[in-house]
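Biologist: I would like to go through this structure feature by feature. Please give the general idea each time, then the case at hand.

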Amino acid sequence: MTRSAVDNETNDIKLTTLSQAPMTYTHQEREYVSDIWGTKVVTNVSQPTLETYRPSASQQTDTAVIIAPGGGLYAQSIESEGRDVAHWLNRKGITAFVLRYRLMPTSYDGVADLEVDWQADYQQSVAKAKLTLPYAVDDALTAMEYVRTRASKYGINPSKIGLMGFSAGGSVALGASYRYQSNSKPDFVVPVYPWIDVVNIEQPKADAPPMIIVCATDDSLGLAKGALNLYNSYLAAEKHVALHMYDEGGHGFGMNKQGLPSDTWIERVYDWLVAENWVGN
């Protein structure tokens, strides 16, 4: 499949549709504040897009991160796992791109659909998500290639572009870490409480990108075990990997503040980026 992307005339970078949408979309893409999650979300994404966030010229480093928010592939938590992350990275001089990858078609309120489906039959929801995940992974790989081929435009190093994903977005990031070609390879990967139920842990590629994993032991979806299994797969393959497992934090903490050590997870990721020379002090 040939990947391509085009700019529009706003601050958003629109990616062309890579293939026919996975299912027929009755409802258009929608951005709204979810009463259930208490945060802004997007649903019914049928065409992937990137939102661009650039640091001030005086602060800019040559590092970039593409961010994939989570939401069970029914929705995306676009603020606390997307834009808020981008703004934090900007303050550290890192150029950020928030990826709206393709989601499964839902009703007008995709978050409500997710809650109903998960309570009715979680495994069926996992099966549905697995059908959509390959499209989302392809969108992440397209975004990597897109940013890399325009690195000079953004003042970044084409060899310092990472991929960070939350929950289902962590599954997207992990899938991309297995499926990349040379021009779409993430230089480093940051799965944050990745939803391992929907993606199979595989043997890392020989040139697998370094990875730092973040999760909480008390994750309400039970994702701590999957995060450990992912870490151990990298460890067994003697690949470069780090893990921050917090005692408390629950699931979906993103950039929310709970008065817990997990509130500083992104600072620990930044420390790792500095220590590994992905970004300067």
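Biologist: Does G72 count as buried or exposed, and at what relative accessibility?

Modeller: This is a predicted model, in which local features need pLDDT of at least 70, side-chain atom pairs count only at pLDDT 80 or more, and totals for chains, interfaces and linings use all residues. Residues are numbered from 1 along each chain as its sequence is written, and side-chain values use heavy atoms, with hydrogens and water left out. Buried means under 20% relative accessible area, exposed over 50%, and partly exposed in between, with a 1.4 Å probe and protein chains only. G72 has 5% relative accessibility, so G72 counts as buried.

Biologist: Where is G72 found, and which residues is G72 in contact with?

Modeller: Helices (H or I, at least four residues) and strands (E, at least two) are DSSP runs, numbered from the N terminus. G72 is found in the loop between β5 (64-68) and β6. Contact means heavy atoms within 4.5 Å. With neighbours within four places in sequence left aside, G72 is in contact with M104, L114, W118, A129, A168 and W195.

Biologist: Which strands does β5 pair with, and in what sense?

Modeller: Strands of a sheet pair through backbone hydrogen bonds, either parallel or antiparallel. Two strands count as paired if DSSP finds at least two bridges between them. β5 pairs in the parallel sense with β7 (residues 95-100) over four bridges, and V65 stands opposite A96 in β7. β5 also runs parallel to β8 (residues 161-166), joined by five bridges; there, I66 has L163 as its bridge partner.

Biologist: Which residues of β5 lie on each side, and are they buried or exposed?

Modeller: A64, I66 and A68 are on one side, V65 and I67 on the other, and all are buried.

Biologist: What is the order of the open sheet of three strands?

Modeller: The order is β2-β3-β6, with antiparallel pairing. β2 (30-34) and β6 (75-76) each have a single partner strand, so one side of each is left without a neighbour in the sheet. Five bridges join β2 to β3, with S34 and T39 as bridge partners. In the hairpin of β2 and β3, four residues lie between the strands, and G38 takes a positive phi near 65 degrees. β3 (residues 39-43) pairs with β6 over two bridges, and T43 stands opposite A75.

Biologist: Which residues touch the most other members of the largest nonpolar core?

Modeller: In soluble globular proteins, nonpolar side chains tend to be buried together. A nonpolar core is a set of buried Ala, Val, Leu, Ile, Met, Phe, Trp, Tyr and Cys residues joined through side-chain atoms within 4.5 Å. The largest one has 86 residues, and I66, I67, L73, L89, Y101, M164 and W265 touch the most other members. Helix α3 (residues 122-149) gives the most to this core, with 11 residues.

Biologist: How far from E81 is the nearest side chain of opposite charge?

Modeller: Lys and Arg count as positive and Asp and Glu as negative, while His and the chain ends are not counted. A salt bridge is a side-chain nitrogen of Lys or Arg within 4 Å of a carboxyl oxygen of Asp or Glu. E81, in helix α1 (residues 79-91), is buried and has no salt bridge; the nearest side chain of opposite charge, R83, is 12 Å away.

Biologist: Which side chain does a polar contact join to that of E81?

Modeller: A polar contact is a pair of N or O atoms within 3.5 Å; within protein, one must be able to donate a hydrogen and the other to accept it, and residues adjacent in sequence count only if both atoms are side-chain atoms. The side chains of E81 and Y193 are joined by a polar contact of 2.6 Å. A polar atom of the E81 side chain also lies 2.8 Å from the backbone nitrogen of G70.
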